[in-house]
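Please look at the sequence and the 3D structure together before reading on. The report below takes up a few features in turn.

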Amino acid sequence: MDDNNNNDAAAVEDDRTFVETNIERIKSENPKERLFSITFDDFEELPSAKGQRVVSSTLSCFGSQWQIKLYPGGDKESLTGMVALFLKKCSGDRELAIKYSIGFNGDEERMIRLGKSIFDGSVSWGWANFYSRSEIIGDDEEGGFLVNGALTLYVGIQLDEFIPKNPASSIMLKLFNDENSADVVFEICEQQKSDSESDRKRAKTSTEKLYHAHRFILQHYSAELSAICATSDGMTPIIITDVKPEVFRHLLYYVYGGDISDDDFAVHEKDFINAADKYGVTNLKLEAEVWYVNNTEITIDNVIDNLLYADAMNCALLKESVMDFIVESKEEVMQRVSFQDVPGDVCKDLLAAMSRHYETDSPGDDVEDETDVEKTYSKMRIRDLRQRLDEKGLGLDIDGSREALIANLKEHS
């Protein structure tokens, strides 16, 4: 949350106590932010009379030295029982426009305060009423923020300056369907459908659209698109008849870095899954699958259709959603649903759904041996398996069955 921050210009230097604090640099989800943990040991033993100040060790950031000024009993502007806390730039005369955040981890959430100020070294910026001392310490009924008596603060610092964005993505997007620079062209033909045999023989395309692209980009995006490009020399159009023109246009737009709106997903949900699966645009397929799962109600009437579709298109997330429905509605499903056409390899997915439903323990991050790894992975959600593979940053395939995802994770653990 954003807070009204205060300065600490009138602090009396003689009332300060320097303490040795443990400072560690932490990876931030914001690439522009420098995030640090600063630990004050024995917080309850620190000077706590109003106006008494504790100063941390220094940390280095953006060419300057920084300190935390902590008032365990509050400063002169603090309300009774509140801890005051300020950030100080303690080296260099250069002014820095800074966005900063200071907080600490709680039992279930991280409390954080945000500020934005000009730091020139003459004053400190922060909060006279940062947090309640009693709530930081906690009691027998409710734990506070101390761990073994120590208070750890998380301090984020980033420049509040205008920094232009890397234009590469916008340049790439401008190349989409650019006829002047393109070296490959697709002709998308959607044929009319008719029940009459004679009409089918005389069928002519109802829609013909030309889309221009670049072989270099497509060849490096997917093997399927690369193979299609190899079927044509020069600018001879490559004929596509199994995808709607607007769907293929969105697919190419996505390849060039564009986003697809919710309205378009709503209209073409399965078309995107089908086309992206066929032409190897994996991330679009997975995004369309997530949209479909989150906007489709699984019912007794459509459960088998969705299961068969998920199995045919290798949509592990959709299959997991169907399995969850089957387990949660098992009695009605047993009475009203026929599994005659369901392939037998869905049994493992069903067992995984049953395991998640009936076991209260969540799969943890710490595993001891290969058996524990197998159990942990087998109960994990598809989204978590995919995320773990993606986080490895190895370009691993995250589009596959549950078994394929688990095998890939085990191979690269």
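Predicted model: local features only at pLDDT ≥ 70, side-chain atom pairs only at ≥ 80, totals over all residues.

## Strand E13 and its partners

Strand E13 spans residues 150–159, and eight of its 10 residues are buried, so the strand is largely enclosed by the rest of the structure. Strand E4 (residues 34–40) pairs with E13 in the antiparallel sense over seven bridges. Within this pairing, Phe36 has Val155 of E13 as its bridge partner.

Strand E12 (residues 146–147) is also antiparallel to E13, with two bridges between them. Here Leu146 stands opposite Leu151. E12 and E13 form a hairpin with two residues between them, and Asn148 in the turn has a positive phi of about 55 degrees.

## Cysteines

A disulfide is a covalent bond between the sulfur atoms of two cysteines. The count of disulfides in this model is zero. Cys61 is buried, at 4% relative accessibility, and Cys189 is buried as well, at 6%.

## Salt bridges

Side chains of opposite charge can pair when their charged atoms come close. The model has 13 salt bridges. One of them joins Lys76 and Glu77, with the closest N and O atoms 2.9 Å apart; both residues are exposed.

Lys244 and Asp271 form a salt bridge at 3.1 Å, N to O. Lys244 lies in the loop between strand E16 and helix H6, and Asp271 lies in helix H7, so the pair ties together parts that are 27 residues apart in sequence. Asp277 and Lys285 also meet in a salt bridge, at 2.9 Å. Asp277 is partly exposed, at 31%, whereas Lys285 is buried, at 0%.

Note on methods. Residues numbered from 1 in each chain as written. Heavy atoms only, no water. Buried < 20%, exposed > 50% of the residue type's maximum accessible area, 1.4 Å probe, protein only. Helix = DSSP H or I, 4+ residues; strand = E, 2+ residues; numbered from the N terminus. Pairing = 2+ DSSP bridges. Disulfide = S-S within 2.5 Å. Salt bridge = Lys/Arg side-chain N within 4 Å of Asp/Glu carboxyl O.
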